Amino acid sequence: MVKNVFGLALKPCCFSPKTGFYRDGYCLTGPDDTGTHTVCAIMTKEFLEYSRSVGNDLTTPRPAYDFPGLHPGDKWCLCLTRWIQAYHDNVAPKVLLEATHEKTLDLIGLDELVKFAAK
């Protein structure tokens, strides 16, 4: 069983748009996922602008990669290090903990993640 940050079964993050490194709706990771796309986050305008400003435009559609472009309110599996960077820069989006992979805890504690839990 793949686990979330609570040690329970990982819930899906989003099927529309279809997220995840494997584009299966889950924040799964594996050896080929060098970005560790494990954080299920709810996009905000502030975070999307921030992400673009640091070199990762998540708003422009890229059909060749089956990427529709994101909007505020969309759920998306973010790279763990990008979420942590945004956290340190005070623009981290809310997180769906039940859909966030346990591997996230390798770099940030549950106590910090809980502060950003989506209600």
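Where does Pro17 lie relative to strand E1? Pro17 is in the segment before strand E1, which spans residues 37-42. The structure is a predicted model.

**Disulfides**

- A disulfide is a covalent bond between the sulfur atoms of two cysteines.
- The count here comes to two disulfides.
- One of them joins Cys13 and Cys40, with sulfur atoms 2.1 Å apart. This pair links distant parts of the chain. Cys13 sits in the segment before E1, Cys40 sits in strand E1, and 27 residues separate them.
- The torsion about the S-S bond of Cys13 and Cys40 is about 85°, so this disulfide is right-handed. Cys13 and Cys40 are both buried.
- Cys27 is joined to Cys77 by a disulfide, S to S 2.1 Å. Cys27 lies in the segment before E1 and Cys77 lies in strand E2, so the pair ties together parts 50 residues apart in sequence.
- The link of Cys27 and Cys77 is left-handed, with -90° about the S-S bond. Cys27 and Cys77 are buried.
- Count the bonded cysteines along the chain, and the disulfides follow the pattern 1-3, 2-4.

**Cysteines without a partner**

- Cys14 is in no disulfide. The nearest cysteine sulfur belongs to Cys13 and is 6.1 Å away.
- Is Cys14 buried or exposed? Cys14 has a relative accessible area of 10%. The cut-off for buried is under 20%, so Cys14 counts as buried.
- Cys79 is in no disulfide either. For Cys79, the nearest cysteine sulfur is that of Cys77, 10 Å away.

**Helix H1**

- Helix H1 covers residues 45-53, and its buried residues are Phe47, Leu48, Tyr50 and Ser51.
- Why do the buried residues of H1 line one face of the helix? Seen down the axis of H1, they fall within an arc of 160°, so they line one face.
- An α-helix has 3.6 residues a turn, so residues three or four places apart point the same way.
- What do the buried residues of H1 pack against? They pack against strand E2 (75-79) and helix H2 (80-88).
- The face of H1 turned away from its buried side carries the exposed residues Lys45 and Ser53.
- Just after H1 comes Gly55, with a positive phi of about 100°.

**Salt bridges**

- How many salt bridges does a search of the whole structure find? The search finds four.
- Glu49 forms a salt bridge with Lys45, and their closest N and O atoms are 3.7 Å apart. These two residues are four apart in helix H1, so about one helical turn separates them.
- Glu49 is partly exposed at 42% relative accessibility. Lys45 is exposed, with a relative accessible area of 56%.
- Asp106 and Lys103 meet through their side chains in a salt bridge, 2.9 Å from N to O. Asp106 counts as exposed at 54% relative accessibility. Lys103 is partly exposed at 36%.
- Glu112 forms a salt bridge with Lys115, the closest N and O atoms being 3.0 Å apart. Glu112 counts as buried at 19% relative accessibility, whereas Lys115 counts as exposed at 55%.

**Nonpolar surface patch**

- Phe6, Leu8 and Val114 make a nonpolar surface patch of about 270 Å².
- Val114 belongs to helix H3, residues 110-114. Val114 is partly exposed, with a relative accessible area of 41%.

**Backbone details**

- Most residues other than glycine have a negative phi, and most peptide bonds are trans. Some places in this model depart from that pattern.
- The peptide bond from Ser16 to Pro17 is cis, with omega near 5°.
- Arg23 is not a glycine, yet its phi is positive, near 50°. Arg23 is in the segment before E1. Its relative accessible area is 26%, which makes Arg23 partly exposed.
- Asn90 is not a glycine either, and has a positive phi of about 60°. Asn90 lies in the loop between H2 and H3. Asn90 is exposed, with a relative accessible area of 66%.

Key. Residues numbered from 1 in each chain as written. Predicted model: local features only at pLDDT ≥ 70, side-chain atom pairs only at ≥ 80, totals over all residues. Heavy atoms only, no water. Buried < 20%, exposed > 50% of the residue type's maximum accessible area, 1.4 Å probe, protein only. Arc of directions from axis to C-beta. Contact = heavy atoms within 4.5 Å. Patch = residues over 30% accessible without salt bridge, like charges linked within 9 Å, V, L, I, M, F, W, Y side chains within 5 Å. Areas by Shrake-Rupley, 256 points an atom, 1.4 Å probe, with all protein chains shown as cover. Disulfide = S-S within 2.5 Å.
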